[in-house]
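Morning, everyone. Please have the sequence and the model open while I talk.

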Amino acid sequence: MAEDQDDPVAAMLAADRASAGLGIEVIQHAPGRARARMVVRPDMVNGHQLAHGGLVFALADTAFACACNGWGPVTVAAGAEITFLRPAHAGDVLEAEALVRARHGRTGIYDVTVRHGDEVIAEFRGRSTELRRCPRPAGAAAGRDST
């Protein structure tokens with residue numbers, strides 16, 4: 001996705017090494033909605049040869065982050081849960097679609113459905129909160145407020 005200085009999601013993704021390392025591709029985003037995709041690699045399966053649940057969660061979390069940061073203020077997760085419905089396997093292409101359900105003040109609720117084709121793999125619900133100020137940049141000295 002092309003980086004745009006006025007696009008808070010593009011700016012966030014440009015610095016998101018975790019999602020990039022997992023090969024997560026954001027294929028669509030707008031305030032309150034996003035879609036992200038990830039191919040389950042052989043190094044992403046657990047001892048049962050199923051996609052590791054933490055990595056399925058990471059895909060859903062990235063879609064959630066894009067949906068809730070599309071409004072503009074820096075927004076982070078206040079909590080999240082996931083329900084796994086079907087397993088995914090190496091080679092599967094997973095797609096996560098995030099949609100806002102409610103927003104009030106600095107908080108929001110978002111649902112994310114993770115699919116492999118037409119099969120629902122997992123349902124994720126995230127609760128967001130807008131930060132009052134940007135978090136400290138990596139490497140900044142502890143105890144010093146840069147804002």
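This is a predicted model: local features need pLDDT of at least 70, side-chain atom pairs count only at pLDDT 80 or more; totals for chains, interfaces and linings use all residues.

The protein chain has 3 helices and 6 strands. Going along the sequence, the order is α-α-β-β-α-β-β-β-β. The chain holds 147 residues, and 33% of them are buried. Its exposed surface comes to about 8,500 Å², with 51% of that from carbon and sulfur atoms.

Now contacts. Take those in the chain with a separation of 6 or more: 61% of them join residues 24 or more positions apart.

Next, helix α3. It covers residues 53-69, which makes 17 residues.

Is α3 enclosed or open? Of its 17 residues, 12 are buried, so the rest of the structure largely encloses the helix. Among the buried ones are Val 56, Leu 59, Phe 64 and Cys 68. Several alanines are on that list too, including Ala 58, Ala 60 and Ala 63. A quick reminder: an α-helix has 3.6 residues a turn, so residues three or four places apart point the same way.

Let's stay with Phe 64. It is buried, because its relative accessible area is 1% and the cut-off is under 20%. Now the aromatic rings. The chain has 3 aromatic pairs. One of them is Phe 64 with Phe 124: the centres are 5.6 Å apart and the planes meet at 55°, so this pair is tilted. Phe 64 sits in helix α3 and Phe 124 in strand β6, residues 119-130, so the pair ties together parts 60 residues apart in sequence. Phe 124 is buried as well, at 2% relative accessibility. Ring pairs also bring in other residues: Phe 57, Phe 64, Tyr 110 and Phe 124 are linked into a cluster.

Val 112 counts as buried, at 0% relative accessibility. Val 112 and Phe 64 are 48 residues apart in sequence, yet their C-alpha atoms are 6.7 Å apart. Beyond its neighbours within four places in sequence, Val 112 is in contact with residues including Ala 60, Ala 63 and Phe 64. Ala 96, Ala 122 and Phe 124 are among its other contacts.

There is another ring to look at, on Trp 71. The charged end of Arg 103 sits over this ring, 3.9 Å from its centre.

Strand β1, residues 25-30, pairs with strand β2, residues 33-39. The sense is antiparallel, with 5 bridges. Val 26 is opposite Ala 36 in β2. Between the strands there are 2 residues, and Gly 32 in this hairpin has a positive phi near 85°.

Last stop: a backbone angle. Most residues other than glycine have a negative phi. What is the phi of Gln 49? It is positive, about 65°, although Gln 49 is not a glycine. Where is Gln 49? It lies in the loop between β2 and α3. Gln 49 is exposed, with a relative accessible area of 52%.

Definitions and conventions
Residues are numbered from 1 along each chain as its sequence is written. Side-chain values use heavy atoms; hydrogens and water are left out. Helices (H or I, at least four residues) and strands (E, at least two) are DSSP runs, numbered from the N terminus. The expected span of a helix is 1.5 Å times one less than its number of residues. Buried means under 20% relative accessible area, exposed over 50%, partly exposed in between (1.4 Å probe, protein chains only). Rings of Phe, Tyr and Trp (its six-membered ring) pair if their centres lie within 6.5 Å; planes under 30 degrees apart count as stacked, over 60 as edge-to-face and the rest as tilted. A charge sits over a ring if NZ of Lys or CZ of Arg is within 6 Å of the ring centre and within 35 degrees of the ring normal. Two strands pair if DSSP finds at least two bridges between them. Contact means heavy atoms within 4.5 Å. Accessible areas come from the Shrake-Rupley method with a 1.4 Å probe; for residues, only the protein chains shown count as cover.
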